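Reader: I would like to go through this structure and ask what stands behind each label. Please set the values against the criteria.

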Amino acid sequence: MPELPEVETVRRTLTGLIVGKTIQSVTVSLPRIIQRPDDIRRFEMELTGHRIIEVGRRGKFLRIIMDGLVLVSHLRMEGRYGLYNSNEPVEKHTHVIFHFTDGTELRYKDVRQFGTMHLFLPGEEFNHKPLVKLGLEPLEEGFTMEAFRKAIAKRTTKIKPALLNQEYVVGLGNIYVDEALFRAGIHPERPANTLSDTELESLYEAILATLTEAVEAGGSSIKSYVNGQGEMGMFQHSLRIYGRQGESCLNCGQPVEKTVVGGRGTHYCPNCQPPDRSMGLSNPGLGGLNSGKKPGKKARSASIHGKGNGVRT
Ligand SMILES: [Zn+2]
């Protein structure tokens with residue numbers, strides 16, 4: 001599922017492709033993508049004649065801003081936008097087509113069919129589902145350390161599900177939560193309210209750094225991707241912990257582990273992200289032994305010779 005950096009990359013690309021174009025007509029072939037209004041014909045009619053002014057983003061949602069209308073679009077699992085000439089064959093799984101007056105078309109393709117579109121009057125979108133309850137926007141000015149502390153510090157849930165909750169902070173999904181927790185050296189199962197001020201601060205910095213770097217990576221690789229494929233979507237960024245289970249931790253050399261937290265596959269280094277002392281019983285042998293210590297050469301050699309699970313006793 002695309003997270004903030006991927007959606008931001010799509011936003012930037014779409015900006016270059018569709019801003020200034022005027023919609024001549026709209027074709028919807030899979031009604032369930034359109035969540036608002038209920039009537040598909042009305043959706044098609046309302047958009048006709050509107051000019052695209054800007055492409056915005058709120059969390060993982062795109063906001064296609066027109067003169068007098070805003071289309072809120074969520075790509076969910078596999079939604080893709082692509083700009084085509086109207087004479088190009090329409091590919092399978094294309095569910096919505098925005099025909100422009102200049103002979104080009106913005107096509108929305110979605111194999112899994114989980115994507116959604118909601119149409120609003122400008123400004124109205126923030127008071128309704130799906131945007132109304134969204135939390136802090138991490139790449140905007142309001143995302144201060146103090147705001148982050150207020151949103152997270154008193155939660156009794158584990159830190160990973162707390163960060164995934166879009167009502168607290170938006171845009172983070174499974175990949176970048178794992179990345180940020182690894183950078184901050186925080187175990188994904190620590191209850192949020194057990195994090196010290198220093199840890200919260202490290203986490204705040206880690207979220208900013210992770211997202212900023214991913215956005216920059218997406219931005220730099222987008223051009224050739226669009227030219228080559230004629231469409232845009234997700235990008236593989238250089239990930240430090242996600243998907244690296246069994247490989248050596250880039251920080252200490254011990255094997256990266258994969259577990260399930262809050263129903264989500266979770267990658268972490270047991271050495272760099274020690275569990276809370278109060279969790280010691282569920283993780284025998286880890287509790288407190290390594291906390292705060294920078295791993296040395298010993299850890300590195302242990303990972304090479306011993307299969308182990310990263311537990312140093
Ligand atoms: Zn490590």
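**Strand pairs and burial**

Author: Val55 has Ile64 in S4 as its bridge partner. The model is a predicted one.

Reader: What makes S3 and S4 a pair?

Author: Two strands pair if at least two bridges are found between them. S3 and S4 have 6 bridges, in the antiparallel sense, so they count as a pair. The hairpin of S3 and S4 has 2 residues between the strands, and Gly59 there takes a positive phi near 60 degrees.

Reader: How do you know that S4 pairs with S5?

Author: The same criterion of at least two bridges applies. S4 and strand S5 (residues 70–74) share 5 bridges and are antiparallel, so this too is a pair. Leu62 has Ser73 in S5 as its bridge partner. In this hairpin 3 residues lie between the strands, and Gly68 has a positive phi near 95 degrees.

Reader: How do you know that S2 and S9 pair, and in which sense?

Author: S2 and strand S9 (residues 116–120) are joined by 2 bridges in the parallel sense. Arg36 has His118 in S9 as its bridge partner.

Reader: Why is the sheet called mixed, and what is the strand order?

Author: The order is S2-S9-S5-S4-S3, an open sheet of 5 strands with mixed pairing. Strand S2 (34–36) and strand S3 (52–58) are the edge strands, since each pairs on one side only. From one strand to the next the twist averages 25 degrees. As for the pairing, strands of a sheet pair through backbone hydrogen bonds, either parallel or antiparallel. Here S2 and S9 are parallel, whereas S3 and S4 are antiparallel.

Reader: What lies across S3 and strand S4 (61–66)?

Author: Helix H1 (residues 4–18) does, and it runs at about 180 degrees to S3.

Reader: What makes S11 and S12 a pair?

Author: Strand S11 (residues 257–261) and strand S12 (residues 264–268) have 5 antiparallel bridges; at least two are needed, so they pair. Val260 has Gly265 in S12 as its bridge partner. The hairpin has 2 residues between the strands, and Gly262 in the turn has a positive phi of about 60 degrees.

Reader: Why is His93 called partly exposed?

Author: His93 has 16 C-beta neighbours inside 10 Å. A residue is buried at 20 or more and exposed at 12 or fewer, so His93 falls in between and is partly exposed. His93 lies in the loop between strand S6 (79–85) and strand S7 (94–100). Beyond four places in sequence, His93 is in contact with Lys109, Asp110 and Val111. His93 and Arg112 are 19 residues apart along the chain, with their C-alpha atoms separated by 8.7 Å.

Reader: Is Ala147 buried, exposed or partly exposed, and what is the count?

Author: Ala147 has 16 other C-beta atoms within 10 Å, so it is partly exposed. Ala147 is found in helix H3 (residues 145–152). Not counting residues up to four places away, Ala147 touches Leu136 and Gly142.

Reader: What makes helix H5 mostly covered?

Author: Of the 11 residues of helix H5 (residues 174–184), 10 are buried. Buried means 20 or more other C-beta atoms within 10 Å. Among the buried residues are Tyr176, Leu181 and Phe182. Just after H5, Gly185 takes a positive phi of about 70 degrees. S4 is also mostly covered, with 5 of its 6 residues buried. For the chain, 38% of the 313 residues count as buried.

Reader: Which residues have the most contacts inside the largest nonpolar core?

Author: They are Leu172, Leu181 and Cys269, in a core of 62 residues. The largest share of this core, 7 residues, comes from H5. At least three residues come from each of domain 1 (4–127) and domain 2 (145–212 + 237–305). Among the residues that Cys269 touches are Phe182, Ile241 and Cys249.

Note on methods: Residues are numbered from 1 along each chain as its sequence is written. This is a predicted model: local features need pLDDT of at least 70, side-chain atom pairs count only at pLDDT 80 or more; totals for chains, interfaces and linings use all residues. Helices (H or I, at least four residues) and strands (E, at least two) are DSSP runs, numbered from the N terminus. Axes are lines fitted to C-alpha atoms, for helices over the stretch in contact, and angles run from 0 to 180 degrees between N-to-C directions. Two residues are in contact if their C-beta atoms, placed from the backbone, lie within 7 Å. A nonpolar core is a set of buried Ala, Val, Leu, Ile, Met, Phe, Trp, Tyr and Cys residues joined through C-beta atoms within 7 Å. Domain bounds come from an automatic or database domain assignment.
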